[in-house]
Amino acid sequence: MARFIQDIKRTHSCGELATGDIGKEVVLFGWVNNRRDHGGAVFIDLRDRAGVTQVVFEEDVRPEVHDLAGQLRLEYCVGVRGKVVSRGGNVNPKLRTGEIEIHATELEIFNRSEPTPFQIEDRIDTAEEKRLQYRYLDLRRAPLQKTLMTRAKVNHVTRNYFTDAGFLELETPFMGKYTPGGARNFLVPSRLNPGKFYALAESPQLYKQLYMVAGFDRYFQIVRCFRDEDLRLDRQPEFTQIDVEMSFVEQSDVFDVIEGLVVRLWKELLGVELARPFRRMPFDESMARYGNDKPDLRFDMPHVVLTDLVKQHQGGGVPLLDEAVKAKGIVKAMRVPASAGLSRTEIDKLEEYVRGMGAKGLARAKVADGGEWTQSPFAKSITPELRKAINAATEAQAGDLLLFQFGKESVVHTVMANLRVHIAKRMGLIPEYGSGGKWNFLWVVDPPLFEYDEESGQWAAAHHAFTRPRDQDLPYLESDPGRVYCWRYDLVLNGFEIGGGSIRLHDPEVQARVFKAMGISAEDARSKFGFLLDALKMGAPPHGGIALGMDRLVMLLTGAESLRDVVAWPKTQKGTDLMTGAPGDVDAKQLRDLYVKSTYEPGK
RNA sequence: GGGGUGUUAGUUAAGUCGGUUAUAACGCCGGCCUGUCACGCCGGAGGCCAGGGGUUCGAGUCCCCUACACCCCGCCA
């Protein structure tokens with residue numbers, strides 16, 4: 001007797017049969033997506049990753065097969081043999097295969113299924129906690145199947161693109177030496193070297209630069225990276241980067257290559273033709289107008305920096321603003337057009353929202369017909385001159401609402417940046433995915449090389465210590481590090497940073513000066529980065545590169561709301577895996593073998 | 001480290017001012033049905049209301065603590 005799998009092989013997927021196949025005998029394998037038992041006839045929607053096909057078991061054709069079909073329940077895994085038949089007048093327009101059905105002559109139940117903890121439907125309304133606990137069931141759903149297929153295709157297109165362009169796909173170690181600065185590393189104890197630890201690579205940065213020194217002048221890798229930092233909607237502790245490095249290039253060469261990739265991805269995955277070149281914006285402008293270096297430019301509603309205006313007017317009669325600028329803080333405002341129609345209650349809610357981000361409050365002013373302010377803590381004391389100047393600077397019209405933040409620069413930027421997006425969402429300025437969508441790509445360029453770290457009182461690398469400063473700024477490296485700008489760039493899409501890179505420092509002399517400006521001694525630099533510093537001294541070519549966040553690309557390509565929806569097996573916000581229970585305990589012997597002892601005391 | 005939201009059948013939710021036996025839909029179990037496709041009809045089972053403590057004559061409901069999940073700040077060169 002012929003058996004499924006051994007003798008009866010699958011002939012088609014559940015997503016491909018159409019009227020052209022009518023009359024064929026076919027074999028489908030899959031899962032019971034739905035059943036409708038009418039007594040004399042049993043209808044089964046059979047599902048695999050390609051789609052769904054209706055199978056009919058009729059009592060008067062094969063009574064024993066019909067009886068077995070009566071036992072079928074949701075998610076049973078089965079094989080079916082039968083004939084493709086036209087549905088005649090019973091077409092189901094919602095199914096791709098809805099013009100045909102299979103009249104089954106044979107059925108095998110490969111495996112029954114207990115009732116699943118949640119139903120496998122396209123619509124996802126199950127708590128994420130439950131979905132993650134049974135991720136293998138969650139992944140049976142069509143939307144996640146589609147997402148992972150998109151992910152596979154992104155990998156495929158990327159490999160083809162770079163390989164065609166003469167790049168070599170080369171690997172780098174995951175287990176390396178800990179280097180300070182940057183993200184916190186996951187550590188791996190070394191059994192063979194008691195008391196020593198490997199660090200899991202937070203990026204292949206140093207190795208890819210060394211590939212350049214070695215002469216592999218065009219490198220790429222689709223690579224996992226590990227960072228032991230707190231998680232977010234768009235941050236997982238292990239994530240995938242499309243990592244690229246090139247020799248003998250300047251910034252625009254990197255942009256050309258990456259724009260080419262992105263254009264190809266959007267065309268092949270979405271059929272969308274993107275315009276090139278992508279827009280560019282200096283870092284300082286991005287901070288001033290949008291409060292961060294990853295502005296969502298699908299809508300405008302910019303911030304206006306009022307610090308200088310307030311200074312010119314000696315505080316303009318408003319003690320709070322005066323104090324803020326005297327304490328070296330900044331003052332920013334944002335004009336919310338009257339059309340937003342924010343009620344007083346809604347504005348009060350906004351105040352709660354910004355307090356959660358460290359704001360002390362949310363000063364506001366409603367602009368009246370003559371330009372006067374109402375509903376504002378400033379209304380009584382502000383001088384008409386400053387008020388008029390602010391109205392002019394923000395282009396405020398009657399009915400508009402002005403929102404203010406003042407004080408510590410970093411807080412003001414963060415609060416205003418989030419507020420801008422928050423209000424835009426409420427106003428419906430951000431189009432839904434798939435609604436003709438906007439793809440606002442942006443290169444944020446020319447950031448400062450250093451940022452001042454108030455805790456240590458030191459200038460620290462804003463990104464990493466191997467970024468090349470602008471030649472014209474080199475004279476200020478010692479005298480005024482804050483005005484040294486560099487060849488670093490971020491690629492931003494719709495408010496998400498999807499990539500970042502730089503032209504690297506290949507000149508050992510400048511490198512030494514950068515370390516010095518950062519307060520890192522030559523000995524220190526040697527012990528931490530000696531191998532790279534040596535390499536730079538041995539004919540290192542001018543080089544630069546970039547890394548794209550592959551997970552974020554897929555998230556944006558698919559319209560997913562969270563990185564967890566584009567990662568097959570994601571971690572929770574506390575870094576746990578609800579399915580396997582990782583991270584878990586290990587026994588004492590394992591720890592002894594590794595010369596590791598836990599100091600953790602529960603409850604402390 | 002900090003701020004916020006949430007946790008009620010297997011799942012998703014409702015549950016009023018603190019009041020009697022905690023509802024519904026889907027799923028599950030039993031029965032009927034040959035054209036359904038969110039099939040339909042009849043019947044049934046299923047709950048430590050996250051856990052602990054408190055207030056009260058009485059708590060799913062009010063208060064406190066804990067756990068877990070999510071969102072944000074810090075952090076993420």
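Me: What percentage of the 604 residues of chain A count as buried?

Reply: In this predicted model, 47% of the 604 residues of chain A count as buried. The term is applied to residues under 20% relative accessible area. The chain holds 17 helices and 23 strands, and its C-alpha trace spans about 95 × 70 × 55 Å along the principal axes.

Me: Among contacts between residues at least 6 apart in sequence, what percentage join residues at least 24 apart?

Reply: For chain A the figure is 67%.

Me: Which residues of helix α9 are buried, and why are they said to line one face of the helix?

Reply: The buried residues of α9 (residues 319–326) are Leu-321, Asp-322, Ala-324 and Val-325. Viewed down the axis of α9, these buried residues fall within an arc of 160°, and therefore they line one face of the helix. Pro-319, Glu-323 and Lys-326, on the other side of α9, are exposed. The buried residues of α9 pack against α8 (307–312), β14 (330–336) and β17 (401–407). After α9 comes Lys-328, which has a positive phi, near 65°.

Me: Let us turn to single residues. Is Thr-53 buried or exposed, and what does its side chain reach?

Reply: Burial is judged from the relative accessible area, with under 20% as the cut-off. Thr-53 has a relative accessible area of 0%, so this residue is buried. Thr-53 lies in strand β3, and its side chain reaches the backbone oxygen of Cys-14 at 2.7 Å. Beyond residues up to four places away in sequence, Thr-53 touches Cys-14, Gly-15, Leu-28, Ile-44, Asp-45, Leu-46, Thr-97, Ile-100 and Ile-102.

Me: Why does Thr-147 count as buried, and which residues does Thr-147 touch?

Reply: Thr-147 counts as buried because its relative accessibility is 9%. This residue is found in helix α4 (residues 142–164). With residues up to four places away in sequence not counted, Thr-147 touches Val-554, Thr-558, Asp-565 and Val-566.

Me: How is the surface near RNA strand B divided by residue class, and which elements each supply at least two of its residues?

Reply: The residues of this surface comprise 12 nonpolar, 20 polar and 19 charged. At least two residues each are supplied by β1 (25–37), β2 (41–48), β3 (51–58), β5 (100–111), α2 (128–133) and α12 (409–427). Of the 51 residues around RNA strand B, Asn-34, Arg-36, Asp-60, Arg-87 and His-463 come nearest.

Me: Which parts of RNA strand B lie within 4 Å of the protein?

Reply: Of the RNA atoms within 4 Å of the protein, 58% belong to sugar or phosphate and the rest to bases. Individual contacts illustrate these parts. A polar side-chain atom of Lys-94 lies 2.8 Å from a phosphate oxygen of RNA strand B. For the bases, an N or O atom in the side chain of Glu-58 is 3.4 Å from a base oxygen of RNA strand B.

Key
Residues numbered from 1 in each chain as written. Chains lettered and ligands numbered in written order. Predicted model: local features only at pLDDT ≥ 70, side-chain atom pairs only at ≥ 80, totals over all residues. Heavy atoms only, no water. Near = heavy atom within 4 Å. Polar contact = N/O pair within 3.5 Å; in protein donor to acceptor, adjacent residues only side chain to side chain. Helix = DSSP H or I, 4+ residues; strand = E, 2+ residues; numbered from the N terminus. Nonpolar A, V, L, I, M, F, W, Y, C, P; charged D, E, K, R; others polar. Buried < 20%, exposed > 50% of the residue type's maximum accessible area, 1.4 Å probe, protein only. Contact = heavy atoms within 4.5 Å. Arc of directions from axis to C-beta.
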